[in-house]
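I opened the notebook to look up salt bridges. My notes follow the order in which I checked them.

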Amino acid sequence: MRVDISAYGRGALFYINLLDGNGFNISGNVFLKGGEFLRIFKSTFDVVVFIQNNAETLRLLSINKGIDVSASSGVRIQAIGRVRASACLLLRAKRPALSQFLQSAFTGPASLPRHLRQLLATTARDVQPARWDYGTWLKFFDTWPEGGNSPDIARASIAYLVFARDASSAALAATLRSLAVQAGNPAYAVLDPAAGMAPHDAIDKLHADYIGILQAGEVLPHHATRTAACQLEQLGRPEIAVTDDDHIALDGARENPQLKPTPNHALMLSGTLSRGLWLVKRSTLLEHGSAADWAEELRLSVWLARRRAGDDPFSRRIPYILSHRRPDAEVAPPDVLAAVVERHLDGQGPAILPIATSPLTFRIKDGGGNGSVTAIIPSTLRKPESLRCIQEILTGTDHPNFDVRVVVMQPDPLDEIQAAAAEVLQRFPNVTVSWLEAPAFNFSKANNDIAASLASEHILLLNDDVAPIRPDWLRWMAAFLHDPRVGIVGARLLYPDDTIQHGGVIMGLSGPCDHAHRYLPAREAGYMGRAVLAQELSAVTAACMLVRRSLYERLGGLDENYPSAFNDVDFALRAGEAGHEILYVPQAELHHYESQTYGSHYAGEREAFFEEEVLRMRTRWADVCAADPFHNPNLALVSGSEWQLAFPPRTDILGR
């Protein structure tokens, strides 16, 4: 394709999207001549775009203008050969994607073209030059005018409460200088040990709708108060708003952006969301705030107290970087935050206790997580690997109230190999093997039919190709499900080489959804520690999913119109829609020998379901596919790059 952009001048960022008939972006962002994006010397560009069969609209956009290609005389589409185009895209493919293609492409000759198309389409998404770093992102997407930058609407008033351990520190002086340049000259109070004033008394003297909470060394950009006030109005004035932040060197260089998900209880317990600018309604602080010596302590305690009071949702995320953390910024000791969390968990929530580390880690309470659990394991019972995995589940699980139902779903009774495997398993006192007569395997129906006969408190959906790494894995899952607001808990799954296979599900990632942290080494904590911290997500995989039996029944189980894939994601989204939290709990860790029994979700006769089920997911769950609340809109939606910066972000970059 040859694109003429001479009408737009130099120094802009241009990219192409492909949309399907429902308006979904199915290509990601394909950038034009990315190596020269800062200074455009040419008026035309040649770009290879993989156009999928269901693409109906092609759009050329820039960071400040969107143009429908069909109405533009400046765009000329010229076909090039498939071989040449495919070769260009294959040369750009990332090694993990190529490896996955080679592993899955030869499940059958008929699947090879589809796997190749999928690889090419994935490679065509978000093609970015390597030198697009945080500094470049800031130049394009974090440039704010000195004057008014937001719509002429009513705005909440904001005052500030600043915690300081040393009233004469350079860190405090920097914070106060940043307050002095804020629009409207907001009032503020400083709490230091010499002040002799409690937070409640200081807040009582600050007359504003919202109180911004800061620690000495956290500094605001000039636009922070104005932008926050506008965002609070647009969000409907939530009781608590959490903003993004980054680190700033003494010379002004910025790095390490902390781009946060929507505030959620499980992740809040780790303390990782309690830094950076928070905006809290003055009335909420006066009602739920408690004595505190640190900004992090007050933020964490008021959020947890407000959660105990009920009536969700009460907090929102402002997806803009509205504070910077200096190297000398004061940091609350872990034991202070651990004390806040321990008081909060006393008698409620998950059956865990905090350990004073940074971030906070946990241990299971004595006797916690012991409710009855029945695991449902669909299997063919034909492969030795499956039999080995099920045996390891039985011998490598220390949960005291656990039984297993293995189900074989096929037209004919168990053959000799299957019967022998069933006999081995039924030597365990807590195992039952069942045969369900059906013309074809349907993962959803297999689980639903067995679940209908269960009386246990919890149901564990489990693949026959997973094996525990640590014996307390199930007790960790049950400990988090002890919280009555939690409906589903998923585990962390590792490939045999100890890289992550499942670290939760992100909606909109590489299509309808994909697993987070895929191929990250297990020893690495991941972005903001999120590979190793329990947190709420939109969905988790049913390769290992613990759910309340009462919720399973109320939602009608898995949707049997998803016989192989997406049934777990759809089920989790329906549970979330009904008001239940979906948790990823990495303390529950297992190996996943992916698709050993049934193979690829869409191999052989199941291949025809692929596009149909993708369309169903995108149609039914359009909103969450477009904007997963637990994935910051400043982060990318490309598998393997989901924790890198989005070019462009999915925020309102034009409304400033």
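How many salt bridges does the count come to? I get 25 salt bridges. I keep in mind that this is a predicted model.

**Entry: Asp483 and Arg307.** I looked up Asp483 and found a salt bridge with Arg307. Their closest N and O atoms are 3.0 Å apart. Asp483 sits in the loop between helix H15 (473–481) and strand E23 (486–494), and Arg307 belongs to helix H10 (residues 295–308), so the pair ties together parts that are 176 residues apart in sequence. I then checked burial. Both Asp483 and Arg307 are buried.

**Entry: Arg382 and Asp415.** Here I found a salt bridge with the closest N and O atoms 2.4 Å apart. This pair links distant parts of the chain, 33 residues apart. I place Arg382 in the loop between strand E18 (373–378) and helix H12 (384–395). Asp415 is in the loop between strand E19 (402–410) and helix H13 (416–425). Asp415 has a relative accessible area of 26% and is partly exposed.

**Entry: Arg616 and Asp559.** These side chains meet in a salt bridge, 3.1 Å from N to O. Arg616 lies in helix H18 (residues 610–620) and Asp559 in the loop between helix H16 (549–554) and helix H17 (567–577), so the pair ties together parts 57 residues apart in sequence. Arg616 is partly exposed, at 28% relative accessible area.

**Entry: a network.** Last, I noted that salt bridges link Asp142, Asp246 and Arg254 in a network.

Note on methods: Residues are numbered from 1 along each chain as its sequence is written. This is a predicted model: local features need pLDDT of at least 70, side-chain atom pairs count only at pLDDT 80 or more; totals for chains, interfaces and linings use all residues. Side-chain values use heavy atoms; hydrogens and water are left out. A salt bridge is a side-chain nitrogen of Lys or Arg within 4 Å of a carboxyl oxygen of Asp or Glu. Helices (H or I, at least four residues) and strands (E, at least two) are DSSP runs, numbered from the N terminus. Buried means under 20% relative accessible area, exposed over 50%, partly exposed in between (1.4 Å probe, protein chains only).
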